[in-house]
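Thanks for coming. I will take one model today and go through a few of its loops, strands and helix pairs.

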Amino acid sequence: MKKILFLAMIFAIGINQVYARDYAELQIKEMKHAQKYGTTKQYLNKKNINYANQNLLQIKDPKIIKICNYNEIPEKKYEAKLQADEKQYKVFEKELSKKSLNKYKTQANGEDYYKVYRVAEKLIRANNLDYLNWRIEIYKDSKDVNAYTSNTNFIAISTALFDTFSENEDALALVIGHEMGHALLGHAQRKQKIVDIMNHISYNVGLIKYRIESKNMEYAADAEGAKLAFRAGYDLNAASEVMRYFGTLPREKDWRTTHPDPNKRLKNINDNAKYFPNDWTLVGKENIYNSDVLKVRLSSDRKSMVISASDKKENKDGYFALETLEELYTRLAYMNYLDGKFAKAIKYFDKLFEIDQTNAAAYLYASYASEYLYNNTKNSKYLELAKNYANKGYQLDSKNKFIKEQVDSL
Ligand SMILES: [Zn+2]
């Protein structure tokens, strides 16, 4: 009886409090939440990517390290090629925009497909990915901003994602590049192995592995996608609108999800982009210049589009190849070196030398980096290191005048 009275009193006091409430106070409380969760604020919180400042430091760079090969295309010639291509695109724009597509229950309009085609086609040509037919579907889902890939060359984009970023080509390029990245990196195959563990060995062990590896694969696909988009000349700052957008969506606890926190994904893209050499955009330009517009048609079921492989390439070197570990180490080392991060540069050069002892130029740059560290610290171990690297370079290529100079000067 006492208990009931007590509860009734609380209830009564509660009601009184509601009557006495100043709703402006509620607004203060809500504003505190809004400051924390407000999507506009998160969305507009643009973080710029800091590209390596290649010419800021006056450090030795005889440019004998090769991280990419290309022939620079004169701007005028490149512009003329783009204009010529534009005529061909007009034909495909007309074909894709035909009204008759809709009677086959195509999920998106022809003009939407045309928009996605233009972005994907540029990515494909800039990166020599035209060795197979790429298939792209814009599927109907008004709510879920999503995209996925399967079967090596199939990419699906939800109408919600397309509509959200339809005016931001850079963002579309990053999304398509990300999905291409999954395909190029063989993630479906890797996931299947983990699914096999879940199905046949231990579901729980497999599941934990799945969540961890899946996140790593997302980071890898983001980095690869950013690379593809960067080479095709897209702006990664504008593209990262995608990650800022995902950052505004509700998320499950980290350990329970397969995708990393979008803020971490954005940082991953920025961290990787710091080591993208500007020359990559020239590689992309050269590839576009030396290729023809890729044909596009609706798929046989009229639900997706097929961007046809080119038939001009006989030379297998003209096709996309993933960066080898040697190339990656060389790039990370070289870009860190140019950025004046000498210790980090040496760390990556050493990783390279663990698997490849034939790169004379790399030994020379490792020697330069050690020499700078010696100059900065006066620690004699760096001078020894500089001598060792230079000598190794000399053993490999005694005719190189830069290596000879370095050996003599130390
Ligand atoms: Zn993904």
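Start at Lys378, which is found in the loop between helix 16 and helix 17. Helices here are DSSP runs of H or I with at least four residues, strands are runs of E with at least two, and both are numbered from the N terminus. Before going on, note that this is a predicted model, where local features need pLDDT of at least 70, side-chain atom pairs count only at pLDDT 80 or more, and totals for chains, interfaces and linings use all residues. Residues are numbered from 1 along each chain as its sequence is written.

Lys378 is not a glycine, yet it has a positive phi of about 60°. Is Lys378 buried or exposed? It is exposed, because 9 other C-beta atoms lie within 10 Å. The cut-offs are 20 or more other C-beta atoms within 10 Å for buried, 12 or fewer for exposed, and partly exposed in between, with C-beta atoms placed from the backbone.

Helix 16 covers residues 360-377 and helix 17 covers residues 380-396; they pack at an angle of about 165°, with axes 8 Å apart. Helix 16 is therefore roughly antiparallel to helix 17. Axes are lines fitted to C-alpha atoms, for helices over the stretch in contact, and angles run from 0 to 180 degrees between N-to-C directions. Angles under 35 degrees count as roughly parallel, over 145 as roughly antiparallel, 65 to 115 as roughly perpendicular, and the rest as oblique.

The crossing of helix 16 with helix 17 is left-handed. Left-handed means that the near helix is turned anticlockwise from the far one by less than a right angle; clockwise is right-handed. Residues of helix 16 in the contact include Tyr363, Leu364, Leu373 and Tyr374, and those of helix 17 include Leu383, Leu385, Tyr389 and Leu396. Contact means C-beta atoms, placed from the backbone, within 7 Å. By class, this contact has 13 nonpolar, four polar and two charged residues. Ala, Val, Leu, Ile, Met, Phe, Trp, Tyr, Cys and Pro count as nonpolar, Asp, Glu, Lys and Arg as charged, and the others, Gly among them, as polar.

Tyr89, Phe92, Glu93 and Leu96 of helix 4 meet Gly110, Tyr113, Tyr114, Tyr117 and Arg118 of helix 5. That contact divides into six nonpolar, one polar and two charged residues.

Next, the strands. Two strands pair if DSSP finds at least two bridges between them. Strand 3, residues 154-158, is largely enclosed by the rest of the structure, because four of its five residues are buried. It runs parallel to strand 1, with five bridges, and Glu137 has Ala156 of strand 3 as its bridge partner. Strand 2, residues 147-150, runs antiparallel to strand 3 with four bridges, and Thr149 stands opposite Ile155.

Strand 2 and strand 3 form a hairpin with three residues between them. In that loop sits Asn151, another residue that is not a glycine but has a positive phi, of about 55°. Asn151 is exposed, with 9 other C-beta atoms within 10 Å.

Last, strand 5, residues 304-307, pairs with strand 1, residues 134-139, in the antiparallel sense over four bridges. Trp134 stands opposite Ile307 there.

Key:
Two residues are in contact if their C-beta atoms, placed from the backbone, lie within 7 Å.
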